[in-house]
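User: I would like to go through this model and ask, point by point, what stands behind the terms used for it.

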Amino acid sequence: MTETGNTGSYPPGFMISAPASGTGKTTVMLGLLRALAEDGLAVQPYKSGPDYIDPAFHLAAAGRASFNLDTWAMDSGLLDAVAGQASDAQICVGEGSMGLYDGVATRGQSGFGSSAETAKRMGWPVVLVVDVGGQAQSAAATALGFRAYDPDLPFAGVILNRVASARHERLTRLGMERAGIPVLGSLPRRGDLTLPERHLGLIQAVEHPDLEAAIAGYAAFLRDNVDLEAIKSAARAGIAPAAAHLPNPPAQRIALARDAAFSFTYPHLLEGWRAAGAEILPFSPLADEAPAADADLVWLPGGYPELHGGRLAAAATFRAALRKHAQTRPVHGECGGYMALGEVLVDKAGNRHQMAGLLGLVTSYEKRKFHLGYRRAILQAPMPGFASGTALRGHEFHYSTIVDEPDAPLANVMDADGNPVPETGSVRGHVTGTFFHLITGETP
């Protein structure tokens with residue numbers, strides 16, 4: 001097992017956050033990552049919270065894998081190990097989730113999961129992206145409240161977003177000046193900067209029709225409208241993380257489904273598996289590829305199988321090889337991967353698609369039901385990498401409904417407040433599946 005971490009110098013960083021979701025912080029994040037990389041800096045991106053879509057966009061913008069920092073799910077050691085991925089970078093840029101102070105009500109392993117907690121732990125000043133549409137001087141009251149809410153949180157300043165005119169900018173800057181809030185940039189309102197979305201938020205990076213051109217456009221837009229030097233000067237380094245371990249691999253040779261239908265695996269898991277010497281063997285169910293015949297484990301991540309039900313149902317080579325593997329060796333699926341291991345997936349149009357049939361699970365998107373939140377699971381049976389009785393931390397985010405779940409439950413699953421949820425996962429023979437995406441196992 002490989003240790004990661006740094007007991008010496010540590011690169012400075014800052015956190016891009018906002019008062020709420022939908023204020024444009026992802027556009028700012030991607031533009032800044034690319035602009036800093038263009039300036040010759042080794043930029044380490046991070047995402048605060050359990051988002052599994054944004055890190056792929058960060059990778060495209062910065063040229064380095066992005067990692068999640070999650071104070072609810074991760075203990076101090078794992079946070080240190082993830083922070084240690086920046087040991088050879090020159091600057092860190094974190095992207096917050098939701099609003100700056102938004103988290104859950106019940107404390108997790110290290111905190112409540114807010115972006116403010118992540119910024120404080122890392123020692124990063126906050127750059128607050130404020131949507132000033134429909135207001136001018138009043139925006140300063142919002143910024144002032146966010147700065148004052150936690151006086152111990154480093155605060156670098158604000159980037160004004162969706163500015164309507166030169167007059168609007170002057171008035172808004174006047175309010176910020178009166179409040180003593182530094183303005184680090186002012187972004188004119190532009191409708192063409194929005195990233196494409198679907199029901200789970202942004203589309204996947206691999207699905208973007210011209211991601212490189214979009215990111216280059218964001219970077220040029222940021223260069224024209226923010227003070228890059230002031231932002232770089234505001235970056236600060238906190239206490240260097242202690243040397244710590246990323247999670248161990250669940251097997252030596254791991255056949256990992258990887259295509260537009262199966263793409264959501266937390267980067268810190270994959271990096272930990274590789275660092276410990278495991279071999280990750282990607283394959284594409286959508287291309288009807290079989291997992292490696294000599295793999296010790298087949299792992300189907302989450303993604304969007306409901307958009308590709310017909311192709312998955314027709315992937316006879318993939319399904320036959322998966323069934324053969326499951327006769328003697330473990331197979332595990334998360335969320336979309338769990339659905340693909342089931343009997344039937346019903347898409348939003350009501351079409352029934354035959355899945356692998358290794359579990360009896362039947363799921364449907366015909367009547368959407370929103371499932372969102374942290375999950376703590378106590379395993380009732382072993383799953384790859386974890387013994388029965390182990391507590392796991394993860395996150396669930398999907399719109400599918402369970403029509404039938406006849407197999408033995410894999411775990412007792414609870415939400416962040418300890419309330420039971422019905423999505424227990426399933427186990428049958430060597431096959432396991434969960435609706436939550438694994439973040440980490442709890443250390444006994």
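User: What makes β18 and β21 a pair of strands?

Analyst: Strand β18 (residues 362-364) is joined to β21 by three bridges, and the two run antiparallel. Strands here are DSSP runs of E with at least two residues, helices are runs of H or I with at least four, and both are numbered from the N terminus. The model is a predicted one, in which local features need pLDDT of at least 70 and side-chain atom pairs count only at pLDDT 80 or more, while totals for chains, interfaces and linings use all residues. Residues are numbered from 1 along each chain as its sequence is written, and side-chain values use heavy atoms, with hydrogens and water left out.

User: Why are β17 and β21 called edge strands?

Analyst: The open sheet has four strands in the order β17-β16-β18-β21, with mixed pairing. Strands β17 (352-354) and β21 (401-404) are its edges, as each pairs on one side only.

User: How do you know whether Ser400 is buried or exposed?

Analyst: Ser400 lies in the loop between β20 (391-398) and β21. Its relative accessibility is 1%, and buried means under 20% relative accessible area, exposed over 50% and partly exposed in between, with a 1.4 Å probe and protein chains only; Ser400 therefore counts as buried.

User: What makes the approach of Ser400 to His398 a polar contact?

Analyst: The side chains of Ser400 and His398 make this contact at 2.8 Å. A polar contact is a pair of N or O atoms within 3.5 Å, where within protein one must be able to donate a hydrogen and the other to accept it, and residues adjacent in sequence count only if both atoms are side-chain atoms. The value of 2.8 Å thus meets the distance criterion.

User: Why does Asp288 count as partly exposed?

Analyst: Asp288 has 25% relative accessibility, so it counts as partly exposed. Asp288, found in the loop between β13 (279-283) and β14 (297-300), has a positive phi of about 60° although it is not a glycine.

Note on methods
Two strands pair if DSSP finds at least two bridges between them.
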